[in-house]
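Subject: Structure handover and notes

Hello,

Here is the structure for you to look through. My notes follow below it.

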Amino acid sequence: MSAAKLSEAFIHLGPNKDGRGATAEPQPPFTGMDWYEGYGSRHGDDGPEGRLVSQHSFSEGWDSWEMHPKGSEVVICTEGEMVLTQEFPDGHRETVTLAAGEYAINPPGVWHIADVERQATAIFITAGEGTQHRPR
């Protein structure tokens, strides 16, 4: 067993292929947005039961909205502060400020974006199948 940094090597949680229990599989180092295509190829067969556990640090707000149509996403702020805005299918928006140790859940089909004034780090547990993005 060896230690790994979550910010550099994410984890895929998915069903065990033999039908008994679940797996946790370390992923190749994160290289940017193109990395997600390879992730989809590696684990797309897990469907909505697959979850990506990742950690990202931000010094500014996101440049695009995202939405996960097939499952919820948990956002856990571990350092700093971030403002999470959710846009629901009926068009109304809700905003919550997350400080270190606090979390929020992005429901399936809800567009979301984060703003950061100084610096923040968060862990994301994402049902990523079918994730969509749109410009800010």
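Does Leu52 count as buried or exposed? At 6% relative accessibility, Leu52 counts as buried, where buried means under 20% relative accessible area, exposed over 50% and partly exposed in between, with a 1.4 Å probe and protein chains only. Before the rest, please note that this is a predicted model, in which local features need pLDDT of at least 70, side-chain atom pairs count only at pLDDT 80 or more, and totals for chains, interfaces and linings use all residues. Residues are numbered from 1 along each chain as its sequence is written, and side-chain values use heavy atoms, with hydrogens and water left out.

Leu52 belongs to strand S3; helices (H or I, at least four residues) and strands (E, at least two) are DSSP runs, numbered from the N terminus. The C-alpha atoms of Leu52 and Thr126 are 5.1 Å apart, although 74 residues separate the two in sequence.

Strand pairing

Two strands are taken as paired if DSSP finds at least two bridges between them. Several of the pairings involve S5.

- S5 (residues 73-87) and S6 (residues 93-99) run antiparallel and are joined by seven bridges; Gln86 stands opposite Glu94 in S6. Their hairpin has five residues between the strands, and Gly91 there takes a positive phi near 95°.
- S5 also pairs with S9 in the antiparallel sense, over seven bridges, and Phe124 in S9 is the bridge partner of Val75.
- With S8 (residues 111-115), S5 makes five bridges, again antiparallel; Val83 has Asp115 in S8 as its bridge partner.
- With S7 (residues 103-106), S5 makes four bridges and runs antiparallel; here Glu73 faces Asn106.

The bridge partner of Glu66 in S10 is His133.

In a regular strand the side chains alternate between the two faces of the sheet.

Aromatic residues

The structure holds nine aromatic pairs. A pair needs ring centres within 6.5 Å, with the six-membered ring used for Trp; planes under 30 degrees apart count as stacked, over 60 as edge-to-face and the rest as tilted. Phe10 and Trp35 make an edge-to-face pair, at 5.3 Å centre to centre and 80° between the planes. Phe10 lies in the segment before strand S1 (11-15) and Trp35 in helix H1, so this pair ties together parts that are 25 residues apart in sequence. Phe10 is buried, with a relative accessible area of 0%, and Trp35 is buried at 6%.

Trp35 also pairs with Tyr39, this time stacked, at 5.5 Å centre to centre and 15° between the planes. Both residues lie in helix H1, four residues apart, about one turn of the helix, and both are buried. Ring pairs link Phe10, Phe30, Trp35, Tyr36 and Tyr39 into a cluster.

Two arginines lie over tryptophan rings. The criterion is NZ of Lys or CZ of Arg within 6 Å of the ring centre and within 35 degrees of the ring normal. Arg42 lies over the face of Trp35, 5.3 Å from the ring centre, and Arg134 over the face of Trp65, at 4.8 Å.

The largest pocket

The search used a 1 Å grid over the protein atoms alone and a 1.4 Å probe; a pocket is an open set of points with protein on both sides within 12 Å along at least five of seven lines, and lining residues have an atom within 4 Å of a point. The largest pocket has a volume of about 840 Å³, a volume being the space filled by probe spheres set on the points, which are joined across faces, edges and corners.

The lining has 32 residues, of which Met33, Tyr36, His56, Glu66 and His133 lie nearest the centre of the pocket. H1 (35-43), S3 (51-58), S4 (64-67) and S9 (120-126) each supply at least two lining residues, and the largest share, six residues, comes from S3. By class, the lining has eight nonpolar, 17 polar and seven charged residues. Here Ala, Val, Leu, Ile, Met, Phe, Trp, Tyr, Cys and Pro count as nonpolar, Asp, Glu, Lys and Arg as charged, and the others, Gly among them, as polar.

Regards
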